[in-house]
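Good morning, and thank you for making time for this presentation. Please look at the sequence and the structure as they come up, and I shall then take you through selected features.

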Amino acid sequence: MTTASPQDIAHQLGSGLLSFPVTHLRPDHSFDEAAYRAHIGWLGQFGAAGLFAAGGTGEFFSLGLSEVERVVTAAVQEAPDDVPVIAPAGYGTSTAVEMAKSAQHIGAHGILLFPPYLTEASQDGLIAHVKAVCAATDLGVTIYSRANAVYTESTVAELVDSCPNLVGFKDGVGNIEQMTRIYAAIGDRLTYIGGLPTAEMFALPYLALGVTTYSSAIYNFVPQFALDFYSALRRGDTAFVINALNEFVIPYCNVRNRKEGYAVSIIKGGMKVIGRDAGPVRSPLTDLDDVELAELADLVKKVS
């Protein structure tokens, strides 16, 4: 893995389901490193194609920079040797550059570049932002298109031409027309990752657009179901996929949609339901209530 090129890493990420582990916290909201390491070890038994440490599901937005380093270091040390660990970078350009450098130093295998914090940005500004991060590291970089960093096809084309280590595009918008435009313009030069909340909901239509993988948050607490769903998707078993959507994914999303931020909170709720408590979420997120946890527990029983 240490000698794999950015393109090799990207190819591997596109070949299977992706794990986005939660970040374990104690009741006082401090990082519970021992529990997190144990979780990475447990998930490693199921065979994900890649692990994204301290990503959106891992509450990147609520972690300090030193905490991100600790989380990524723990993931690198605990993940199976053949599973690449992708580290986050984000906020302003200078901070993102430092995070990318840190990720390379501590042994991560790639970078997921989050949108800049708070401020709006033009396409020219996003180009400068991505170029600076790509120039700061030898690691492959995946850009995350969402919120205030929605990339057009011409922007992605320019970045692909300018940045050899830009290897991935993660979509968090869900605009089918825009994804079609990007895939038509770029083709297989990039690995495409579905990145909407509960990406299983979008996996079927996105597959035709070259989005061969996605960030599975539910993999945290129903890993075998998540893998079975992905396998059915890739072999074209639409009947299995539709049944799984109706049995688990859609009612799960109904609970998720009850409050803003529940896309992360419900994953920690799932961890509690299966007896592998990952602790609370940090504010401004809020945890599921007891009624919602009971509903989630009933859903988990159906697929366990």
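Let me begin with R258, which is partly exposed, with a relative accessible area of 42%. On the terms: buried means under 20% relative accessible area, exposed over 50%, and partly exposed in between, with a 1.4 Å probe and protein chains only. This is a predicted model, in which local features need pLDDT of at least 70 and side-chain atom pairs count only at pLDDT 80 or more, while totals for chains, interfaces and linings use all residues. Residues are numbered from 1 along each chain as its sequence is written, and side-chain values use heavy atoms, with hydrogens and water left out.

What does the side chain of R258 meet in a salt bridge? The partner is E295, at 2.8 Å from N to O. This pair links distant parts of the chain: R258 lies in the loop between α10 and α11 (262–273), E295 lies in helix α12 (residues 290–303), and the two are 37 residues apart. E295 is partly exposed, at 29% relative accessible area. A salt bridge here is a side-chain nitrogen of Lys or Arg within 4 Å of a carboxyl oxygen of Asp or Glu. Helices (H or I, at least four residues) and strands (E, at least two) are DSSP runs, numbered from the N terminus.

The structure holds ten salt bridges. Another joins the side chains of E177 and R181, at 3.1 Å from N to O. These two residues are four apart in helix α7 (residues 176–186), so about one helical turn separates them. R181 is partly exposed, with 41% relative accessibility. R235 and D237 also meet through their side chains in a salt bridge, at 3.2 Å from N to O. Of that pair, R235 counts as exposed at 53% relative accessibility, and D237 counts as partly exposed at 26%. Finally, salt bridges link E33, R37, R70 and E78 in a network.

I turn now to the strands. Eight of them form a closed barrel, running β1-β2-β3-β4-β5-β6-β7-β8 with parallel pairing. Two strands are taken to pair if DSSP finds at least two bridges between them. Strand β4 (residues 110–113) pairs with strand β5 (residues 140–145) in the parallel sense, over four bridges. Within that pairing, G110 has G140 in β5 as its bridge partner. On to the next pair: β5 and β6 are joined in the parallel sense over five bridges, and S145 stands opposite D171 in β6. Is strand β6 enclosed or exposed? Six of the six residues of β6 (residues 166–171) are buried, so the strand is largely enclosed by the rest of the structure.

I40 is placed in helix α2 (residues 33–43) and is buried, with a relative accessible area of 0%. Contact means heavy atoms within 4.5 Å. Apart from neighbours within four places in sequence, I40 is in contact with P21, L51, A75, E78 and A79.

P6 counts as buried at 19% relative accessibility. P6 and F31 are 25 residues apart in sequence and 30 Å apart in space, C-alpha to C-alpha.

Next, the cysteines. How many disulfides does the model contain? The count comes to zero, where a disulfide is a pair of cysteine sulfur atoms within 2.5 Å. For C134, the closest cysteine sulfur is that of C163, at 4.0 Å, which is too far for a bond. C134 is buried at 5% relative accessibility, and C163 is buried with a relative accessible area of 4%.

I close with the surface. M201, F202 and I250 form a nonpolar patch there, with about 210 Å² of accessible area together. I250 is found in helix α10 (residues 238–256) and counts as partly exposed, at 32% relative accessibility. Patches are made of residues with over 30% relative accessible area and no salt bridge, like charges being joined within 9 Å and nonpolar side chains (Val, Leu, Ile, Met, Phe, Trp, Tyr) within 5 Å. Accessible areas come from the Shrake-Rupley method with a 1.4 Å probe, and for residues only the protein chains shown count as cover.
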